[in-house]
Every structure is written in C-alpha cells, then in structure tokens.
Amino acid sequence: QMEPQTFVANSQEEAQANAQRASAAFQQYLVAMDTYSPIGQEEAVSMFNKYVVRILEQGKLGSADEVKKIITEANTRLDENQHVIVGIKDLYINGGANLRAGVTYKLPEYTERGKKMYNDALAYAPTRVELIQVLLNVARYENDKAEVKRLANILKTLRPDLTFIAPTELE
C-alpha cells in the first residue's frame, strides 16, 4: 500500500518538488476528465474537486497564482458538467475548495463563489447543518456580525444541542 504524498514543504527544494508532483497529478486529472465517460463524468469531476481540497488542506501550495490555476480549473469543470451533477455533494466539495482558497490566500472572488455555492446548496437542503456551520465560520472570519447572528440562530433552532455557538452570537 502506498503512503499518501504530502505537499507540505520543509525547504525551498522540497517546495519545488512538491509543486512539481502536484502539477503532474493535476495534469493526470485533466487527462481523465477529458476522456469521455457517459456514466463516470460526475465521479471524475467530484474526485478532482476532492483532490483540490486535499492539496489545499495539506498546506500552502506555492503561490496564489498556482492556487488560482487549480481552483479555476475545478470551477470550470464543475460549471461545464452541471448536467451530470446530482444533489449537493459536488457543490459542497467545490464550494469548500473555493472557501479554503479564498480565505487562505486572501482571494475574495473565491470566497464569494464558495459562499454562493453553499447558499445555493442550502436552497435545496435548508436544514443541512454542515453547510450553515461553514457559512457561520466564514461570517465569523469576515467579522460579519449580522450574518453570524442570523446563521447562529438558524443553527440553534435546527440543533439546540450544539455547543460551539456563543450566547453573544445569538443576541
């Protein structure tokens, strides 16, 4: 069994090697997604978005330009394949990738796309606590007190047992 590759760098040389590995993997995903599959396209798009999330979770992937390239490709592939996307899973994954890239790399256009995707998913599934919780965390990060209050109250109504909401956020 292979050990998972890490993209967290300890030196400049290691950072460059990590970026090259990530680029090679990225290129392989593009080949897979460009191969016609009448029943597997949604899975290919979904797995690519999961790959993007994992890269972002493992630490800084070089420059913001490299992140933009990967996120833009993930967004394009999702947008081009809306006809095969079922449910909210892919919105959740891609929206999360956009939010992580936007917040981590200070790229507001990606933060906005991620928020829009999560709000679109909430339109389909208004009681999905995980979507509301992520939006609450983003509102906290953006210091949007009105949105924090709105989302905290929705969460408390849906799940009164939650303990991560401060009483001051409900007022």
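**Before you start**

This is a predicted model, in which local features need pLDDT of at least 70 and side-chain atom pairs count only at pLDDT 80 or more, while totals for chains, interfaces and linings use all residues. Residues are numbered from 1 along each chain as its sequence is written, and side-chain values use heavy atoms, with hydrogens and water left out.

**The whole chain**

Colour by secondary structure: the chain has 7 helices and 0 strands, where helices (H or I, at least four residues) and strands (E, at least two) are DSSP runs numbered from the N terminus. Of the 171 residues of the chain, 38% count as buried, a class that means under 20% relative accessible area, with exposed over 50% and partly exposed in between (1.4 Å probe, protein chains only). Among contacts between residues at least 6 apart in sequence, 52% join residues at least 24 apart, contact being taken as heavy atoms within 4.5 Å.

**Select H2 and H3**

Show helix H2 (residues 41–57) together with helix H3 (residues 64–80). H2 and H3 pack at an angle of about 155 degrees with their axes 10 Å apart; axes are lines fitted to C-alpha atoms, for helices over the stretch in contact, and angles run from 0 to 180 degrees between N-to-C directions. That angle makes H2 roughly antiparallel to H3, on a scale where angles under 35 degrees count as roughly parallel, over 145 as roughly antiparallel, 65 to 115 as roughly perpendicular and the rest as oblique. H2 passes H3 in a left-handed crossing, a term used if the near helix is turned anticlockwise from the far one by less than a right angle, with right-handed used if clockwise.

For the side chains, select Val-45, Phe-48, Asn-49, Val-52, Ile-55 and Leu-56 in H2, which meet Val-67, Ile-70, Ile-71, Glu-73, Ala-74, Arg-77 and Leu-78 in H3. The residues of this contact of H2 with H3 divide into 10 nonpolar, 1 polar and 2 charged (Ala, Val, Leu, Ile, Met, Phe, Trp, Tyr, Cys and Pro count as nonpolar, Asp, Glu, Lys and Arg as charged, and the others, Gly among them, as polar).

On the H3 side, look for Val-67, Ile-71, Ala-74, Asn-75 and Leu-78, which meet Asp-90, Asn-94, Ala-97, Asn-98 and Ala-101 in H4. This contact of H3 with H4 holds 6 nonpolar, 3 polar and 1 charged residues.

**Move on to H5**

Among the contact residues are Gly-95, Gly-96 and Gly-102 of H4 and Gly-114, Met-117 and Ala-121 of H5. By class, the contact of H4 with H5 has 8 nonpolar, 7 polar and 2 charged residues.

**The aromatic pairs**

How many aromatic pairs does a search of the whole structure find? It finds 2, with rings of Phe, Tyr and Trp (its six-membered ring) pairing if their centres lie within 6.5 Å, and planes under 30 degrees apart counting as stacked, over 60 as edge-to-face and the rest as tilted. Select Phe-48 and Tyr-51, a tilted pair at 6.1 Å centre to centre with 35 degrees between the planes. Both lie in H2, 3 residues apart, about one turn of the helix, and both are buried.

Next select Tyr-92 and Tyr-118, a stacked pair at 5.4 Å centre to centre with 25 degrees between the planes. Tyr-92 lies in H4 and Tyr-118 in helix H5 (residues 108–124), so the pair ties together parts that are 26 residues apart in sequence. Tyr-92 counts as partly exposed at 33% relative accessibility, whereas Tyr-118, at 2%, counts as buried.

**Two loop residues**

Most residues other than glycine have a negative phi. Centre on Lys-106, in the loop between H4 and H5, which has a positive phi of about 55 degrees although it is not a glycine; at 60% relative accessibility, Lys-106 counts as exposed. Then go to Asn-143, in the loop between helix H6 (129–141) and helix H7 (145–158), where phi is also positive, at about 60 degrees, and where the residue counts as exposed at 53% relative accessibility.
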